[in-house]
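Please look over the sequence and the model before reading on.

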Amino acid sequence: MKKSSASFYEKQSFWRKSLNARTALLYLFPSVLLFIVFVFYPMFRTIYLSFFLTDQHGSAALFVGLENYAYILESQAFRNSIKATVLFVLYTVPAGVILALFLALIANEKLKGIGFFRTIYSSTMGISVAASSVVWLFLFHPSIGMFNRLLSLVNLPEVQWLLDPDWALLSVSISTIWLNTGFSFLILLGGLQNIDGYLYESAKIDGAGYWYQLRRITIPMLSPTLFFIITISLINAFQSFGQIDILTKGGPSQATNLIVYSIYREAFVNYQFGTASAQAVFLFLCILIVTIFQFKFGERKVHYQ
Amino acid sequence: MSFPRKIVFYFLLLFSAFLLFFPVLYAFMISFMTGGEIMQGKFFPQTFTLDNYFRVFERLPLMKYLMNSFVVSTGVMIGQLIVCSMSAYAFVFIPFKGRDFIFFLFISTMMIPWEATMIPNFFTIQKLDWTNTYQGLTVPFFALAFGTFLLRQHFKTIPKELFEASQIAGLSRFAFFWRVILPVSKTSLVTLGAYGFLTTWNMYLWPLLVTNNDQVRTVQIGLKQLQSQEVATEWGVVMAGVIVVIIPTLLLLFIGQKQLQKGLTQGALK
Amino acid sequence: MKRVELMNVSKTYDKKTEVISNINVVIEPGEFFVLVGPSGCGKSTMLRMIAGLEEITGGSLRIGEKEANHLPPSKRDISMVFQNYALYPHLTVEENIVFGLHVKRIPKLERKTRCNEVASMLGLSEYLNRKPRELSGGQRQRVALARAIVNEAPICLMDEPLSNLDAKLRAHMRSEIRQIQRRLGITMIYVTHDQVEAMTMGDRIMILHDGKIQQIGKPIDIYNHPVNPFVATFIGSPPMNIADGEVNRQKSEIRIGDEWKIKIPDEDSRLLHKEQILVGIRPEHIRVASKETSPDNRQVVEAINVEILGNETIFSFKIGSYEWMAKWNGQWRLQVGDLIPIQLNYESLCLFDHKTNELLKTPTDIENNILDKEVFL
């Protein structure tokens, strides 16, 4: 009698104790389900497919082990695409961050009408990659585009911006830098405004000038934000697609065939889902390394108030 | 600030603003020009006629595309707000075993780029028969680790005592979430909502993959169509299309710039 | 007006160490009961266990005549005031006050009248449409109070409700809370770290230290008969002076340090069983030595700090390695470095066992300090 009531009580208390976990799962269920279906499952599926040859419907047909990887690493096209991606990152990330930092610095001064400038500087965040690419396509137009008109004004030879393999990647990079400026600017401005004003006041009392304050206070205090924005820019650069699709379609002679565009072509134009998956795994690894870097070195530098 | 310094700063500000905004300004001007004017390389149109705008709406079912983009963006926004606020609430207000593990799961989704998973996702949508549907365009984006973190950050600033006081008053967990947490976090919800709307409106690759007819196609794909149809001949019409597409998001950004900046910085850095 | 009963209540987070142990107490209906102790002593945890916000891991809690260990907070017939007030920032004062009534589905008209009644009692009538952020700290505190009493719950729990207020307002609110409690007749359980609040507000107080009850009783009884050195030094301001003492059997005297000797009367020779003791004396029991003082009790000390407060004077001096304080009525024109003759009477001493901290003797001359109503003409 006593025993049974004790076990009943235990059962009840287990039910009660797990109440929190059960409620929490209820609230987390939509997120977890969606993550499983649209993030974790496809990630494993991508890895799985990268070991197979596939049919037209993307089902695994023949196990080939690492052959897909061997194939893409040997293929001139993929190597070329890696080279283009690395160059693209080098063109866009440093220049983009420096431009955004410059804009954030001049827009952080307490001047009349500064709100107007901030709005203008952040405006490209509201512009889609498709819209911006269409506009830049016109600016780069060989005969009626603005760039060539300016060149001819100063008697320089015209440049085939998007059609010359030597210029195409640079041209795409310029449009990308412009497009990403808004977001980077907004985040960096937020970072600047989070810096305690007392730091500057005490520096002023010590007689420090603008450049000294910039070097000794602003940049160190902004370092976590800078680090964050560098990471985001890197990841964004790896993921660029829309500007390629509209501006160059990967050409000329594959000079702008960035990795995501290459995956897209391989999968949805050539229907080679196996090799496309191998490329996707490669992309995943690149971004994983960048993110781990961010966690490892970024965390430590964050200045909490 | 001294007067000469002010001059320097205003010069830099104006110059940068002009350079940065030039492409948009130029596109705006061209959208009013005739083909001849564009060929001559003018900056100001002779007259501000709306011809190109009328033509772009004739050329494409642009109204339909705008509607689609609006429905999809609003759908993703609402979906994200619901799904992210629920998970953020669980992370902050319900202590349970395994919370760290699930939190780690959320973090790890940030390391997986959407593009690396798009092939299986494409087939998933096909299997669900969601190609060319609003579900196919919206549902995959409802869960968002960044959104959960942003809201979690704000929820954490709400004192625990508020929860305890409502427990004593006899409020259920859900009622506390609905009647206290959500109204108190209005600003963060607005930030996340604006962010979700903006990014969805500007989405390009996914709509390209899962839509192939005018019924659900979004404006971004419309722009691509317009551009590839009109090569070189009617840039005025193309730019009119561009202006129509960017106006909603630019307006949203102009209104919410301050809020967005605050919210994103917080979500990103703490 | 309900009774709250704790029987052998304990609390552990890791199933090994108890943060609260062996709590036995009955809080009577309508009583103002204060839980007091230094920070980290477990007093807030205990209150939260009564409220149902923390699980009780051992023993049982009864509210009214019902076992309440597993009742949800809303079923315990309690209201609670938090240290940070926990007002809903998005609701107006009025909505905050009636929030609980709203949840309990009390009709709108009654909500309104009860809210107005409470608001006028606390002087909040003008602020009903404001948001909490538009109020001062004191006003927010009143809203929190209003929210607690509008429920008409028979038991009210308060967790350091005054510690965010400035000193002057705090003193005012002390008496206001006490008056409201008396008027409504509710059972109050009040947590504070401030012994002044405990002394002035409580019908009875419980002193907690390291999760254990030190003493329960009326404030004045605890002041007069502290059961151990912890209670003795915790209650009273400035605290009771304490020093190591040694009993000399042959001479029947207590020695503190080298130069201090206090004669033990013959009746108290039982003390001779213990050699090592703790000697305590309240600052106001240290008297100035007069001509009549026997040379045995008389000592001259050097003031090392002097505080003249207008109606009383506090000075410190060294005794052995201890720093003691004395409190005298009136304005004494003392200066640092002055030599002051004082007397320590055996009757005023409080003695504790050095090892067990057990109380051996309480002051017997307290009667000299107690004034009764008979002195009124």
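The model is predicted. Of the two pairs of chains in contact, chains A and B share the most contacts, whereas no contact joins chain A and chain C, whose closest C-alpha atoms lie 10 Å apart. The contact between chains A and B takes 75 residues from chain A and 73 residues from chain B. On the side of chain A that touches chain B, the largest share, 18 residues, comes from helix 2 (residues 19-49) of chain A, and by class this side has 52 nonpolar, 19 polar and four charged residues.

Chain C holds an open sheet of four strands in the order 2-1-4-5, with antiparallel pairing. Its edge strands, each of which pairs on one side only, are strand 2 (18-27) and strand 5 (66-67) of chain C. Strand 5 of chain C runs antiparallel to strand 4 (residues 58-63) of chain C, and two bridges join them; the bridge partner of Arg62(C) in strand 5 of chain C is Glu67(C).

In chain A the mean pLDDT is 84, and 92% of the residues reach 70 or more. The table gives the elements of chain A with the lowest and the highest mean pLDDT.

| Element of chain A | Mean pLDDT |
|---|---|
| helix 1 (residues 2-17) of chain A | 54 (lowest) |
| helix 4 (residues 76-107) of chain A | 92 (highest) |

Over residues 1-8 of chain A the pLDDT is below 50, and this stretch has zero contacts in the model beyond near neighbours in sequence. The pLDDT also stays under 50 over residues 301-305 of chain A, for which the model has seven contacts beyond four places in sequence.

How values were computed:
Residues numbered from 1 in each chain as written. Chains lettered and ligands numbered in written order. Predicted model: local features only at pLDDT ≥ 70, side-chain atom pairs only at ≥ 80, totals over all residues. Pairing = 2+ DSSP bridges. Nonpolar A, V, L, I, M, F, W, Y, C, P; charged D, E, K, R; others polar. pLDDT = per-residue confidence, 0-100.
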